[in-house]
Amino acid sequence: MKQSTASVLKPAKSSEKTADTLHPPRTAAERAGIERVRRVIRMHPRTILLTGLALLTSLPANADQLSRIRHAGTVRIAIAGAVPPFNFENGHKELVGSDVETANLLARDLGVRLQIVRITNSERISVLQEQQADLVVSALSITPERERLIAFSVPYARIAVVIAAPHPHKLSSMLDLSNKTIGALAASSNLAHLRKNAPNSKVVEYPENDKLGMGYISNEFEIMTAPESVVINTNRMNPKRPLIVQFTQMEFDVAVGMPKGEKSLREWVNNWVVSRLRDNSLGEIYRRHHGQKLPGTIIPPTTTAEGK
């Protein structure tokens with residue numbers, strides 16, 4: 001083998017001479033710059049060390065969302081507060097309900113701290129698109145329109161939406177809603193279903209369910225589409241003219257919402273939902289808050305769910 005002709009440098013007597021020998025400053029300004037750097041290192045060695053460690057422990061720019069959550073030690077879960085018993089404010093203005101308990105369990109099993117992001121129902125999609133939350137656990141039903149914007153886990157619960165109206169209305173199907181004025185929650189799955197199946201109806205939209213109830217009390221409409229819990233709360237505010245459930249408009253599967261493209265996060269959440277449904281942890285949360293068992297069709301088969 002032919003030996004290299006590169007010369008071998010002998011060790012210098014000091015590191016400073018070695019640096020100057022290998023890279024001799026060309027000007028007085030360069031010499032002054034090197035001396036300033038050396039002075040900063042001598043005066044602030046701890047700062048230099050901590051800065052270096054921070055760079056070593058920082059995540060790469062292309063890290064996925066699950067890695068970022070674990071690195072931060074916190075998961076940001078967005079929850080509204082107007083769909084009891086999934087989520088609502090108690091007398092102390094604290095957010096409670098089955099969704100809040102579900103979010104706490106998810107964070108605990110993920111091994112991170114829970115940070116609840118308070119939102120309105122109409123912000124459940126945008127909060128993910130604007131990266132202000134990692135997940136949404138907020139009575140969020142799966143619809144084709146929403147699936148074009150965000151990703152969903154496998155279902156962990158189900159929500160029924162009813163059509164309600166006072167006496168003497170007698171309504172039995174979506175056909176009976178033609179040319180009627182109906183109050184609905186803005187950006188809700190039941191509103192989208194209503195527009196599709198009762199296109200001739202006139203819809204009055206409200207940003208929150210409590211404002212929807214106040215709209216009924218103010219005689220802004222006579223027919224409501226909402227979860228039955230919202231109908232019950234409205235009747236408590238207006239007992240002299242109670243809403244009567246006419247028929248069930250639709251039942252929707254409820255799932256955890258997350259940003260699109262986060263495969264690792266979706267796989268983890270899917271497997272978590274399946275595991276906690278099978279051991280009845282989520283079923284027990286639902287029973288405590290809703291007063292009934294989860295529908296049997298929500299319980300997954302024996303195969304492990306995988307992220308899509």
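In which order do the five strands of the open sheet stand, and what is the sense of their pairing? The legends below refer to a predicted model.

**View 1. The five-stranded open sheet has the order E10-E9-E11-E8-E12.** The pairing in this sheet is mixed. Strand E10 (202–206) and E12 are at the edges and have a single partner strand each, so one side of each lacks a neighbour in the sheet. On average, neighbouring strands are turned by 25° against each other, direction ignored.

**View 2. Strand E8 (residues 157–165) is mostly covered.** Of the nine residues in E8, eight are buried. E8 is joined to strand E12 (residues 244–254) by nine bridges, and the two strands run antiparallel. Within this pairing, alanine 160 has glutamate 251 of E12 opposite. Four bridges link E8 with strand E11 (residues 223–227), again in the antiparallel sense. Here valine 161 is opposite proline 227 of E11. Strands of a sheet pair through backbone hydrogen bonds, which may be parallel or antiparallel in sense.

**View 3. Helix H9 lies across strand E9 (181–185), E10 and E11 of the sheet.** Relative to E11, H9 runs at about 155°. E11 stands between E9 and E8 in the strand order, and E11 is joined to E8 by four bridges.

**View 4. Helix H9 (residues 209–217) packs against helix H10 (residues 228–237).** The angle between the two helices is about 50°, and their axes are 10 Å apart. H9 and H10 are therefore oblique to each other. The crossing of H9 past H10 is right-handed. On the H9 side, the contact is made by Asn209, Leu212, Gly213, Met214, Tyr216 and Ile217. H10 contributes Val230, Thr234 and Met237. Six residues of this contact are nonpolar and three are polar, while none is charged.

**View 5. Asparagine 235 is located in helix H10.** This residue is buried, its relative accessible area being 18%, because buried means under 20%. When neighbours within four places in sequence are left aside, asparagine 235 is in contact with Pro242 and Leu243.

**View 6. An open sheet of three strands has the order E2-E3-E4.** The pairing in this sheet is antiparallel. Strand E2 (82–83) and strand E4 (95–96) are the edge strands, and each pairs on one side only. E2 is joined to strand E3 (residues 87–89) by two bridges, with the two strands running antiparallel. Alanine 82 has phenylalanine 88 of E3 as its bridge partner.

**View 7. The whole chain, for orientation, contains twelve helices and 13 strands.** The chain has 308 residues, of which 42% are buried. Among contacts in the chain with a separation of 6 or more, 66% are between residues 24 or more positions apart.

Terms used
Residues are numbered from 1 along each chain as its sequence is written. This is a predicted model: local features need pLDDT of at least 70, side-chain atom pairs count only at pLDDT 80 or more; totals for chains, interfaces and linings use all residues. Side-chain values use heavy atoms; hydrogens and water are left out. Axes are lines fitted to C-alpha atoms, for helices over the stretch in contact, and angles run from 0 to 180 degrees between N-to-C directions. Angles under 35 degrees count as roughly parallel, over 145 as roughly antiparallel, 65 to 115 as roughly perpendicular and the rest as oblique. A crossing is left-handed if the near helix is turned anticlockwise from the far one by less than a right angle, and right-handed if clockwise. Contact means heavy atoms within 4.5 Å. Ala, Val, Leu, Ile, Met, Phe, Trp, Tyr, Cys and Pro count as nonpolar, Asp, Glu, Lys and Arg as charged, and the others, Gly among them, as polar. Two strands pair if DSSP finds at least two bridges between them. Buried means under 20% relative accessible area, exposed over 50%, partly exposed in between (1.4 Å probe, protein chains only).
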